[in-house]
Amino acid sequence: MTTDKEAFSVLGRTLRLVLMATSATLAMGVALSLFVAGPAAPVANAMVWLGLGMLVTIPILNVIDVLIIECRLKEWPFAGAAGAVLVMLAYTLFEKREAIQTLVTALLTRSA
Amino acid sequence: MIVLLTFLAGICAGGLGALLGLGGGIFLVPFLNIVLDVPVAQAMAISLITVIATSNFVSQATVGRRLSNVRLAMVLQVVAATGAIAGTYILKYISGRTREQIFGGVALLVAVVMLSRLNQRNVLPGHIRDVGMLGGWVPDPDTGELAAYRLKRLPVAIGVAGGAGIISTLTGTGGGVLVAPALNSWCGVPMRVAAATSAVILGVTAIPGVIDNFANGHLTQPLLAASAVLGVIAGSRAGFWISSQVTVRSLKILMAAVLSIVAIEYLLFR
């Protein structure tokens with residue numbers, strides 16, 4: 001271990017649960033896509049997209065976790081670094097908001 | 001069949017990703033493109049998704065958390081994420097062939113650097129307390145003892161992380177092809193720590209590229225992406241186990257060999 005941060009982690013367990021849920025969603029989506037046809041096909045597709053979406057959110061949650069930890073430790077330079085990463089990610093998400101909106105709409109439509 | 005093959009390729013990519021911190025894309029892109037005939041833009045899009053999967057696994061697995069240097073990762077992520085965003089703009093002006101040549105050239109360069117520093121270990125006795133703000137302690141499987149390390153040449157690490165961010169978006173490899181070897185060869189970080197830290201950095205670096213690929217219509221095969229991700233998650237676990245069983249010298253030789261093969265493929269045979 002390189003620092004003593006793990007003991008302060010607030011989202012650690014949640015992140016591990018999200019990772020497991022992501023794997024389960026993707027596995028179910030792939031299995032349904034391969035073995036189930038008919039009306040279930042759009043649901044399978046939506047599950048795969050949902051799993052991929054969840055996967056992308058985990059690194060963001062991880063950075064938020066580090067930000068909280070560093071703030072608690074009052075290590076402001078590192079908290080600033082984590083904050084800067086979040087700002088850049090927010091910029092990317094804002095820049096591509098139309099694509100994200102399209103994905104979310106497609107997900108909601110297909111799973112409805 | 002193609003889903004099964006992608007899953008198996010994902011296992012290899014995840015194994016290499018966790019073992020060497022490469023993100024696995026350097027293996028997955030050529031496999032999807034050459035063997036499964038997936039267009040290179042789509043292969044890179046799928047590869048970037050799997051880079052995030054490797055990163056997630058390394059960040060959350062017990063072994064990964066023990067090895068990775070989260071503070072160093074966070075500092076380098078700022079630069080890498082900036083590079084990745086810059087890469088999304090550069091992407092519009094660079095052809096597919098140029099992207100492949102950049103990919104091959106960088107891989108070859110890094111292989112040479114790795115081989116030239118094969119015996120460099122970067123570890124200090126574990127009793128040393130002053131490791132600086134970005135150093136740390138890590139279990140060393142080669143000796144069975146706790147080892148300390150100090151970060152050297154922070155500006156080099158920052159420059160490489162920025163370049164890795166750009167390369168990540170341009171080539172879909174996650175940029176780990178630069179970060180892990182550079183941290184190890186030039187910045188005094190032990191190989192296994194460099195690999196784990198690189199994998200953590202890559203998860204964030206890959207996000208702008210993934211969103212950009214989706215926006216540009218390159219992420220059109222979600223089923224393949226999902227099967228690759230599942231393979232990567234399984235492979236990452238195996239990668240960590242192998243990492244604890246082999247010497248650092250073997251890891252470096254393996255990394256240089258993988259990089260050389262991929263470089264030759266992309267520079268000469270495409």
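Reader: How many helices and strands are there in chain A, and what makes a run count as one?
Author: Chain A has four helices and zero strands. Helices are DSSP runs of H or I with at least four residues, strands are runs of E with at least two, and numbering starts at the N terminus. This is a predicted model, where local features need pLDDT of at least 70, side-chain atom pairs need 80 or more, and totals for chains, interfaces and linings use all residues. Residues are numbered from 1 along each chain, chains are lettered from A in the order written, and side-chain values use heavy atoms without hydrogens or water.

Reader: How do you know what span to expect of helix α3 of chain A?
Author: The expected span is 1.5 Å times one less than the number of residues. Helix α3 (residues 76-95) has 20 residues. Its C-alpha span, first to last, is 28 Å, close to the 28 Å expected.

Reader: Why are residues such as A:Phe78 called buried?
Author: Buried means under 20% relative accessible area (exposed is over 50%, partly exposed in between; 1.4 Å probe, protein chains only). A:Phe78 and A:Leu86 are among the residues of α3(A) that count as buried.

Reader: What do the buried residues of α3(A) pack against?
Author: They pack against α2 (40-72) of chain A, plus α5 (70-90) and α9 (191-215) of chain B. Contact here means heavy atoms within 4.5 Å.

Reader: What makes A:Glu75 and B:Arg71 a salt bridge?
Author: The definition asks for a side-chain nitrogen of Lys or Arg within 4 Å of a carboxyl oxygen of Asp or Glu. Their N to O distance is 3.8 Å, so the pair qualifies. Chain A and chain B share two salt bridges.
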